[in-house]
Number of protein chains: 2
Amino acid sequence: MSRPTPISGFPEWLPPQRMIEQYALDRIRTTFELYGFAPLETRAVEPLDQLLRKGETSKEVYLLRRLQADDGDTGEDLGLHFDLTVPFARYVLENAGKLVFPFRRYQIQKVWRGERPQEGRYREFAQADIDIVDRDSIPFHYEAEIPLVVADALGGLPIPPIRILVNNRKVCEGFYRGVGVPDPAEALRAVDKLDKIGPARVAALLVETAGATEAQAKACLALAEISGPDASVADAVRALGVQDPLLDEGLTELVQVLDSAAAHAPGLLVAELKIARGLDYYTGTVYETQLAGYERFGSICSGGRYDNLASTGTERYPGVGISIGVTRLLGLLFGRGALTVSRQVPTCVLVALPAEEDRPACDRIAAALRRHGIATEVSPSAAKYGKQIRYAERRGIPFVWFPGADGAPDEVKDIRSGAQEPADAATWQPPADDLHPRVEGKET
Amino acid sequence: MSRPTPISGFPEWLPPQRMIEQYALDRIRTTFELYGFAPLETRAVEPLDQLLRKGETSKEVYLLRRLQADDGDTGEDLGLHFDLTVPFARYVLENAGKLVFPFRRYQIQKVWRGERPQEGRYREFAQADIDIVDRDSIPFHYEAEIPLVVADALGGLPIPPIRILVNNRKVCEGFYRGVGVPDPAEALRAVDKLDKIGPARVAALLVETAGATEAQAKACLALAEISGPDASVADAVRALGVQDPLLDEGLTELVQVLDSAAAHAPGLLVAELKIARGLDYYTGTVYETQLAGYERFGSICSGGRYDNLASTGTERYPGVGISIGVTRLLGLLFGRGALTVSRQVPTCVLVALPAEEDRPACDRIAAALRRHGIATEVSPSAAKYGKQIRYAERRGIPFVWFPGADGAPDEVKDIRSGAQEPADAATWQPPADDLHPRVEGKET
């Protein structure tokens with residue numbers, strides 16, 4: 001065969017990048033677990049009607065077809081999931097009798113969208129989601145907790161600082177209703193396009209699609225301009241003079257989310273009343289996240305409160321959740337060379353091989369090191385020691401272990417400094433910093 | 001919507017099962033890293049011609065189609081990968097210039113096959129693979145190392161013991177050639193069906209498809225009957241009186257793999273000369289793995305040496321690898337209730353909430369516990385303490401934390417024993433056994 005080439009939109013990392021991704025995922029997952037979120041995975045496929053039920057994603061779905069479908073197939077159309085929220089809502093309904101509510105879960109999986117690929121936009125990418133769902137109703141305080149979990153998860157990574165932008169759908173909807181816009185849902189969709197098409201065209205859309213007067217459109221745009229880190233945001237909204245009970249409820253919630261974050265993570269949250277999120281299913285707080293220096297690439301972590309995503313005629317499981325766009329985040333940072341790893345293999349020690357017949361003895365040394373958690377390889381061949389050391393150097397393996405001959409003790413060499421000392425494989429420990437590969441940020 | 005139902009062949013675990021799976025994957029991955037395998041993931045899709053290049057899997061491939069494909073698409077057919085070996089071979093060719101050889105990688109991902117589902121056979125399932133590839137040629141000793149890594153990875157899990165069955169394609173091919181079977185490749189395929197269709201029908205197949213005489217078919221079946229844990233296997237083969245240089249080479253290798261395993265993991269490996277592996281690409285040692293008590297469900301971990309999977313006209317990257325069928329393994333054990341986990345959430349401590357206005361103080365307690373690695377939730381509501389304790393009980397959370405009132409110290413209660421004692425969130429540690437959920441095997 002000829003040399004294969006990449007497929008646009010389906011990114012693949014080199015091993016050092018994958019090591020960085022693995023490190024980031026471990027950190028994210030550990031944090032989720034510290035907050036009591038249980039792990040979950042759902043199948044990659046959903047029935048097509050499920051996938052088309054919510055949001056504006058119908059055009060992006062990949063359908064599946066068996067190369068040689070046989071007659072036993074039911075013929076049900078299956079597609080790859082485009083997010084983890086819709087499958088999770090389906091899972092909750094399907095397994096409600098076996099789950100304990102409120103149910104906190106995290107889910108880290110690939111999703112697929114048939115979008116046109118561009119920087120930071122992929123056709124296959126990993127998301128790391130947390131959601132909390134409850135039966136019938138869900139306490140509001142979870143809407144304040146969710147961004148703090150994300151900040152904790154990402155805060156431990158060597159990446160630029162994040163800023164989480166929040167809004168509350170009740171504020172927008174209540175405000176639009178209060179000023180008398182005939183179709184508040186359409187108004188929300190129009191305002192959601194503000195960053196893309198600018199205020200003049202949004203105003204035109206508000207008139208055309210939401211049935212607003214020009215004065216109403218102006219009021220909607222005035223609301224969208226408001227932003228701030230604290231209760232002053234609510235004052236600014238009230239200064240616009242619009243009255244509506246849903247608006248009041250939304251403002252109270254918004255301020256509560258801001259206050260809670262200010263107590264635990266000052267500077268993390270900013271209210272941005274133009275944030276609306278494209279997806280239809282949000283009903284309360286919504287979140288977007290900016291990465292400092294990468295704002296123009298859009299949100300790297302989004303979510304919100306949803307009341308009606310998981311419901312049958314008789315049951316309802318409202319929830320709140322957020323999704324870290326792991327591939328997008330790392331793709332942007334990799335693109336700038338903003339993350340490094342200290343070696344490109346997990347290996348901490350290479351056991352040098354004096355002669356091929358020493359392999360069993362060298363395997364025993366390696367086994368002894370591995371027993372106390374030191375990642376170890378034995379040299380692939382009994383080449384000259386210089387060549388064996390180069391094997392370690394090319395991979396960034398910091399230590400080479402030389403088996404002692406004729407009863408002499410083994411010696412271990414730090415090939416960066418050249419320092420070499422006698423060592424016992426049963427007890428030797430590398431400096432803590434060298435035990436695992438180190439992931440670090442790099443100014444770019 | 002109505003309550004959704006499962007899709008046959010696409011298993012989904014409940015949270016406790018997923019916790020067990022996560023535990024197993026962590027153990028497997030940690031072991032792989034201890035042996036110096038670097039992490040890697042490949043995209044889920046491959047061009048169809050890649051997928052159809054090797055093996056008998058063409059009928060099992062899922063093809064992808066965008067719901068609303070536009071004219072900009074190249075129209076290249078993409079399918080979901082059915083294993084991780086073929087994508088890895090493609091990845092090696094594509095990135096050869098950026099990799100360091102010999103290249104050791106592990107890869108843990110879902111794969112998809114359009115097979116008819118049955119117990120232990122899924123349409124979507126996770127595999128955990130290791131492979132070592134080298135440029136031009138690869139040292140034989142890796143064929144002895146691979147099964148030891150798997151034994152180490154699975155040996156740390158609370159599952160029944162495994163037995164790895166080995167053979168060497170050179171033994172079979174050399175033997176068939178030595179006895180004069182006209183089409184050794186077809187003979188291999190026929191013998192591979194031995195367990196499914198029995199010796200009489202294999203003999204018939206050998207005559208029909210491989211062009212063997214009845215005497216030659218009989219000799220092939222005599223070879224397939226041989227098994228044993230050591231060099232006696234080679235003696236038994238030689239006693240059949242067949243001469244062939246490839247056969248000799250194969251027997252030497254087979255005995256070397258057995259000897260190496262006997263030194264490091266006695267009883268782990270058994271030569272079974274009927275093992276052939278369906279896939280065409282193996283050229284040396286092949287592996288299958290039986291789980292004690294579940295032998296009839298087939299191999300839970302298979303692989304082998306391949307010379308020509310990753311090659312262009314001018315380059316060749318021979319390799320050896322093995323794949324743990326994680327979903328299959330766990331599906332079988334879950335089906336028998338053979339694995340348990342001590343709680344169904346990661347949470348170790350529930351902080352009780354005296355009143356809703358105490359939430360900020362309780363959040364601070366939780367933050368202090370999390371800071372030293374203790375997974376903690378705050379109670380969802382300020383219900384009566386009895387109800388809050390039931391929240392913990394229903395999830396298996398072992399400890400409930402009671403904030404002290406009016407300057408009294410906090411107290412922590414082990415809700416299993418009822419023991420309660422004063423505690424400081426900044427320093428308290430649970431017994432080591434309770435820090436994380438415990439996964440245990442259960443006699444069934």
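**Exercise 1. Find the residue that is the bridge partner of Arg65(A) in β3(B).**

Solution. Start at Arg65(A). Its bridge partner in β3(B) is Leu63(B). Next, take the whole strands. Strand β3 (residues 62-66) of chain A pairs with strand β3 (residues 62-66) of chain B, antiparallel, over 5 bridges. Strands pair if DSSP finds at least two bridges between them. Strands are DSSP runs of E, at least two residues, and helices are runs of H or I, at least four, numbered from the N terminus.

This is a predicted model: local features need pLDDT of at least 70, side-chain atom pairs count only at pLDDT 80 or more, and totals for chains, interfaces and linings use all residues. Residues are numbered from 1 along each chain as its sequence is written, while chains are lettered from A and ligands numbered from 1 in the order in which they are written.

**Exercise 2. Work out how chain B is superposed on chain A.**

Solution. Rotate chain B by 180 degrees, with 0.0 Å of shift along the axis; the RMSD is 0.1 Å. The two copies are therefore related as by a two-fold rotation axis. Within chain B, Leu64(B) comes closest to the axis, at 2.5 Å (C-alpha).

**Exercise 3. Is Asp136(B) buried or exposed?**

Solution. Locate Asp136(B) in the loop between β6 (124-133) and α4 (141-155) of chain B. Count neighbours. Asp136(B) is exposed because it has 9 C-beta neighbours inside 10 Å. The cut-offs are 20 or more other C-beta atoms within 10 Å for buried, 12 or fewer for exposed, and partly exposed in between, with C-beta atoms placed from the backbone.

Technical notes:
Copies are superposed by least squares on the C-alpha atoms of residues with pLDDT of at least 70 in both.
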